[in-house]
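Reader: I am new to this structure. Could you take me through the sheets, the helix packing and a few local details?

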Amino acid sequence: MEQHSNILKYKHLGIYTQNENVVYMREDCHVCISEGFEALTRIRISNTSTSIVASLNILNSDILMPNEIGLSDSAAEKLNVSPNETLYVSHLEPIESLSHVRAKIYNQKLDYKAFSEIITDIVEGDYSNIHLSAFITACAGDRLDINEISDLTKAMIASGKQLNWNKEIVVDKHCIGGLPGNRTTPLIVAIVAAYGLTMPKTSSRAITSPAGTADTMEVLTNVTLSSEEIKNVVENEGACIVWGGTAQLSPADDVLIKIEKALDIDSEGQLIASVLSKKAAAGSTHVVIDIPVGETAKVRSTEMAQQLKEHMETVGKAVGLKVKVVITDGTQPVGRGIGPTLEAIDILKVLKNEANAPKDLLERALFLAGELLELSGKVEKGKGRRTAQKVLESGKAYEKFIAICKAQGRFSKPVLAPYKIEIKAEKSGVLKRIDNRKIAKLAKLSGAPQSKSAGISLNVHLNDKIEKDQLLYTLYAESKGELNYAMEYYKNHNDIIKIN
């Protein structure tokens, strides 16, 4: 244990810093003075049972006494510390794996051992956000070759829990993203599970979009389940749709995703490692990957999609997954809703076979469910889509979806935000372009995904004939302030929807 002079008393401050561990000490604290600690120094904090690494913030106010120490909420939770508990403070031993990060910055090749050491230290919490940013940036821009991507994926799989379903076939699906409203996953899970396949779906929250699958599902049911709870749901219903974060499947990925979100970076190598490590850790064997391609989608060219497809399938094979990649149309949003609640409404309309269900979302879900049924080998090639359609139209998919939601803890009906404004066409013509990125940003400025019921309900699609004053979309927000903020963006970007 540390020297007695390095003992401080913990005081709760209630400071939220997302995933970053931060420690707070007074500038006249005897430990700061004796150890020569400076602001932003990385130091180790210990109690009798565990220890964490945190970045030091130095205070010159009376929030803390000289013999007290404060922690950010995330740091206090990881240390499981109580007010007035004694904590021990020490210098951080050198982080050896940072030498690999520096090597990658200079474009040297890394092997499995190097990635394993980096990922282990990330999971342990030894990397600050600065270190994480350096690692992500060093790997971005096609700086990882196919062997490095495979090794990074294997290291990320090994870093957390791995589920085993004792089944020969466990299916999964992932979309690369970039298309607002593209919420096919809950529909696919409901269809293939109703057909009889096992599909334990772990999904992420939004990274740079107005909603991730986990955000949308959280409107309808609980998504924060432990590994044991996930197992119970899947054993009872054959499927689940949960947030992957609490299940500790590829935990490094959840840390990296938060930094990628802040940097607004999607590195191809880390994207592949992120997706496939989660699939393998979740115990999947057969995976369909959807890559939408469009001028304002995440993947902008067919050439880029083709390269990603080849890399995905190669890395999949290296980690023991049967992967099929499909390249789809990414020129416009899918469905009507953009934002968690609005997308949940779309999902339920499709599952209930309602006449006014968004047809593009329906068709996309049937196509991908069909691909997954065929990949599993349980449905003959060429008959997947028709099989999926029969399951959906029979009502079995809706029944299965409700059963999954209830098994996860609840089924709640979606409720729209109280404030809205309608955006109408300023002229007549033909709708020629919808900017995916700008309409997604507009939905985010209205409050999505943090405000679950905020977002956009889109009334039009590409090549529609538009009349002057026709309703293009409705903007929803949970407060007038957010609605006004979104409207300011709309007024300055009249090219979100282009009509000629």
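Author: Two strands pair if DSSP finds at least two bridges between them. Helices (H or I, at least four residues) and strands (E, at least two) are DSSP runs, numbered from the N terminus. This is a predicted model, in which local features need pLDDT of at least 70, side-chain atom pairs count only at pLDDT 80 or more, and totals for chains, interfaces and linings use all residues. Residues are numbered from 1 along each chain as its sequence is written, and side-chain values use heavy atoms, leaving out hydrogens and water.

Reader: How many bridges join β7 to strand β10?

Author: Strand β10 covers residues 286–293 and runs parallel to β7. The number of bridges joining β7 to β10 is five.

Reader: Which are the edge strands of that open sheet?

Author: The open sheet has three strands in the order β7-β10-β11, and the pairing is parallel. An edge strand here pairs on one side only. The edge strands are β7 (171–175) and β11 (322–329).

Reader: Are α7 and α14 parallel or oblique to each other?

Author: Helix α7 (residues 185–195) and helix α14 (residues 359–375) have axes 9 Å apart and pack at about 45°. Angles under 35 degrees count as roughly parallel, over 145 as roughly antiparallel, 65 to 115 as roughly perpendicular and the rest as oblique. Therefore α7 and α14 are oblique.

Reader: How many nonpolar residues does the contact of α7 with α14 have?

Author: On α7, the contact residues are Leu-187, Ile-188, Ile-191, Val-192 and Tyr-195; those on α14 include Leu-361, Ala-365 and Leu-366. Ala, Val, Leu, Ile, Met, Phe, Trp, Tyr, Cys and Pro count as nonpolar, Asp, Glu, Lys and Arg as charged, and the others, Gly among them, as polar. No polar and no charged residues take part, and the nonpolar ones number 12.

Reader: Is the crossing of α6 and α11 left-handed or right-handed?

Author: The axes of helix α6 (residues 146–158) and α11 come within 8 Å and cross at roughly 40°, and the two helices are therefore oblique. A crossing is left-handed if the near helix is turned anticlockwise from the far one by less than a right angle, and right-handed if clockwise. The crossing of α6 and α11 is right-handed.

Reader: How do the residues of the contact of α6 with α11 divide?

Author: From α6, Ile-149, Leu-152, Thr-153, Met-156 and Ile-157 take part. Residues from α11 include Gly-269, Gln-270 and Ile-272. The division is eight nonpolar, five polar and no charged.

Reader: In what order do the strands of the closed barrel run?

Author: Strand β2 (residues 22–26) pairs with strand β4 (residues 51–59) in the parallel sense over five bridges. Strand β3 (residues 42–46) pairs with β4 in the antiparallel sense, also over five bridges, and a hairpin of four residues joins β3 to β4. The barrel has six strands with mixed pairing, in the order β1-β5-β2-β4-β3-β6.

Reader: What is the bridge partner of Lys-11 in β5?

Author: Strand β1 (residues 7–12) and strand β5 (residues 68–71) run parallel, joined by four bridges. In β5, Lys-11 has as its partner Gly-70.

Reader: With which residue does Glu-218 form a salt bridge?

Author: A salt bridge is a side-chain nitrogen of Lys or Arg within 4 Å of a carboxyl oxygen of Asp or Glu. The structure holds 26 salt bridges. In the one formed by Glu-218, the closest N and O atoms are 2.9 Å apart, and the partner is Arg-205.

Reader: Where does Pro-449 lie?

Author: The peptide bond from Ala-448 to Pro-449 is cis, with omega near 0°. Pro-449 lies in the loop between α17 (436–445) and β15 (455–458).

Technical notes:
Axes fitted to C-alpha atoms, helices over the stretch in contact; angles between N-to-C directions. Contact = heavy atoms within 4.5 Å.
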